[in-house]
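Work through these exercises with the model open beside you. Try each task before you read its solution.

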Amino acid sequence: MCGIVGLMAKQAVNQSIYDALTVLQHRGQDAAGMMTWHEGHFLLRKSNGLVRDVFHTRHMARLKGNLGIGHVRYPTAGSSSEAESQPFYVNSPYGICLAHNGNLTNSDRLKQELYSSDMRHINTSSDSEVLLNVFAHELGKQGLCLEPGDIFDAVRRVYRRCKGGYVAVAIINGVGMVAFRDPNGIRPVVFGTRDQGEGQEVMIASESVALDVGGFELHRDLAPGEALFVDMDGNLHTQVCADEPRLVSCIFEHVYLARPDSILDGAYVYGTRMQMGQKLADRIKNEWPDHDIDVVIPIPDTSRTSALEMAQHLDVTYREGFIKNRYIGRTFIMPGQTQRKKSVRQKLNAIGAEFKGKNVLLVDDSVVRGTTCRQIIEMARDAGANKVYFASAAPPVRYPNVYGIDMPVASELIAHGRTEAEVGDLIGADRMVYQDLEDLKDACREVNPALSEFDCSVFDGHYITGDIDEAYLASLEQQRNDAAKLMNVGDHALVGMHNQDDELSD
């Protein structure tokens with residue numbers, strides 16, 4: 001889960017990209033980066049940290065140009081060093097920089113091909129660098145003078161080589177800006193335009209909120225397997241380049257990842273979360289008609305919308321029972337169990353009056369490891385709750401994600417191999433209620449009936465790309481388990497162009 005933005009404008013883009021990255025910060029808190037293009041030179045600033053900490057006045061002053069891309073990251077797997085932060089750059093051919101959200105499931109094989117056949121060296125463990133080099137190699141086949149058709153031909157060959165869920169935005173030196181979305185449309189990306197009186201400006205971003213903050217009009221999502229090219233005059237070209245595209249977007253974006261004020265594939269995330277709450281309330285009415293719930297309390301922030309709808313449909317009081325410290329990051333991103341446990345008490349504090357003597361239904365967007373909700377239930381009991389029930393707006397998370405979300409390995413997922421009741425016992429709840437998977441799909445379809453298929457792999461273990469086997473998942477476990485992540489904390493690989501506040505020329 002990362003956030004990307006690209007902007008072709010008639011004026012300096014540094015401030016607009018910065019603003020876009022701040023509203024995409026929820027998609028990655030590990031690192032941030034921006035690269036602009038100015039008079040044949042690429043200008044770079046990237047580092048570990050939040051957007052506000054990475055970019056200071058002196059950095060912004062250096063990031064000149066009317067064309068640029070930006071990125072916020074958390075690491076899906078492997079190292080979290082500054083060497084892995086984006087955008088990435090290659091000088092051959094033309095000079096290309098790229099920012100990427102997602103994961104290539106055949107990254108290891110592509111690395112071997114790049115070295116043995118394409119004669120390209122990969123210097124980090126990032127699959128984003130792999131994607132950049134595949135794109136650069138395919139683009140180099142098109143010759144010196146690039147036309148829109150040349151760009152699309154290169155992207156077409158990228159799709160044939162690269163498997164997984166991914167979105168990328170790139171700048172080609174002196175040619176323009178390119179964006180493309182994987183053939184299944186798993187990861188989200190939108191684009192829009194703004195008229196400043198001097199001509200059309202184009203922005204590409206992971207979520208529509210980035211366009212909103214910049215005053216851009218949302219046109220639409222990029223379709224699965226579609227590429228977008230903006231030439232240096234601001235002319236916009238699009239073409240579907242994949243052989244067999246189909247929209248199978250990630251449903252977990254609606255559950256947790258995206259901001260509620262975003263529109264993804266034509267569906268308001270706020271609306272889908274409202275529907276999730278209604279569906280969950282209906283399940284309680286059907287399966288537990290004589291419930292004794294006194295109050296519904298959300299785990300802030302992502303579950304608020306669903307929890308409020310649940311309370312209204314159950315005709316039960318809704319209350320804010322936890323106050324959140326907004327300076328603590330998302331706990332499932334943190335690399336070690338000890339750090340996650342410590343952060344929960346720092347992150348939330350209970351309002352005792354809302355719990356004392358009551359039967360409380362706590363609502364969260366999902367239950368992943370179970371560590372956080374177990375401690376939250378303890379906090380509710382310590383605050384005086386009589387009974388503590390727990391509801392998840394999502395179905396049981398039983399399988400790892402391979403398409404760009406840092407979902408834990410199966411052995412670290414509390415619902416893996418367990419029933420809903422067993423999960424409830426483990427987290428200490430008096431009763432556990434999960435969303436039904438078909439109800440979750442219907443919640444999205446009712447907001448946008450055009451949506452038919454979804455990537456639900458974290459819930460059902462079905463990987464749409466068809467290339468995920470037990471060997472792949474075993475390898476993934478070695479990269480993603482807590483022990484591996486702790487080993488990678490503080491890892492600082494050396495890279496060639498690794499002054500993170502640098503000027504790059506072709």
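## Exercise 1: Aromatic pairs

The structure holds 10 aromatic pairs. Here, rings of Phe, Tyr and Trp (its six-membered ring) pair if their centres lie within 6.5 Å; planes under 30 degrees apart count as stacked, over 60 as edge-to-face and the rest as tilted. This is a predicted model: local features need pLDDT of at least 70, side-chain atom pairs count only at pLDDT 80 or more, and totals for chains, interfaces and linings use all residues. Residues are numbered from 1 along each chain as its sequence is written, and side-chain values use heavy atoms, with hydrogens and water left out.

**Task.** Describe the aromatic pair of Y18 and F55.

**Solution.**
1. Start with the geometry. The pair is edge-to-face, with 6.1 Å centre to centre and 80 degrees between the planes.
2. Place the residues. Y18 is in helix 1 (residues 14-23), and F55 is in the loop between helix 2 (51-54) and helix 3 (57-62). Helices (H or I, at least four residues) and strands (E, at least two) are DSSP runs, numbered from the N terminus.
3. Note the separation. The two are 37 residues apart, and the pair links distant parts of the chain.
4. Check burial. Y18 and F55 are buried. Buried means under 20% relative accessible area, exposed over 50%, partly exposed in between (1.4 Å probe, protein chains only).

## Exercise 2: Around W288

**Task.** Describe the aromatic pair of W288 and Y389, then find the residue that lies over the face of W288.

**Solution.**
1. The W288 and Y389 pair is edge-to-face: 4.7 Å centre to centre, 85 degrees between the planes.
2. W288 sits in the loop between helix 9 and strand 17 (295-298), while Y389 belongs to strand 22 (residues 387-392). They are 101 residues apart.
3. Both W288 and Y389 are buried.
4. R431 lies over the face of W288, 4.4 Å from the ring centre. A charge sits over a ring if NZ of Lys or CZ of Arg is within 6 Å of the ring centre and within 35 degrees of the ring normal.
5. R283, in helix 9, also touches W288. Contact means heavy atoms within 4.5 Å.
6. R283 is buried, with a relative accessible area of 17%.

## Exercise 3: One side of a helix

**Task.** Which residues of helix 14 (residues 437-447) are buried?

**Solution.**
1. The buried residues are L437, L440, K441, A443 and C444.
2. They cover an arc of only 150 degrees around the axis, which puts them on the same side of helix 14. The arc is that of the directions from the helix axis to the C-beta atoms.
3. Look for the cover. It includes helix 8 (252-257), helix 9 (269-287), strand 24 (453-455) and helix 15 (457-460).

## Exercise 4: An enclosed strand

**Task.** Why is strand 1 (residues 3-8) largely enclosed by the rest of the structure?

**Solution.**
1. Count burial. Six of the six residues of strand 1 are buried, so the strand is largely enclosed.
2. Take each face. G3, V5 and L7 are buried on one side; I4, G6 and M8 are buried on the other.
3. Find the partners. Strand 1 pairs antiparallel with strand 4 (residues 67-73) over six bridges, and antiparallel with strand 10 (residues 200-205) over four bridges. Two strands pair if DSSP finds at least two bridges between them.
4. Zoom in on G6. In strand 4, I69 stands opposite G6. In strand 10, the bridge partner of G6 is I204.

Methods
Lists of a residue's contacts leave out its neighbours within four places in sequence.
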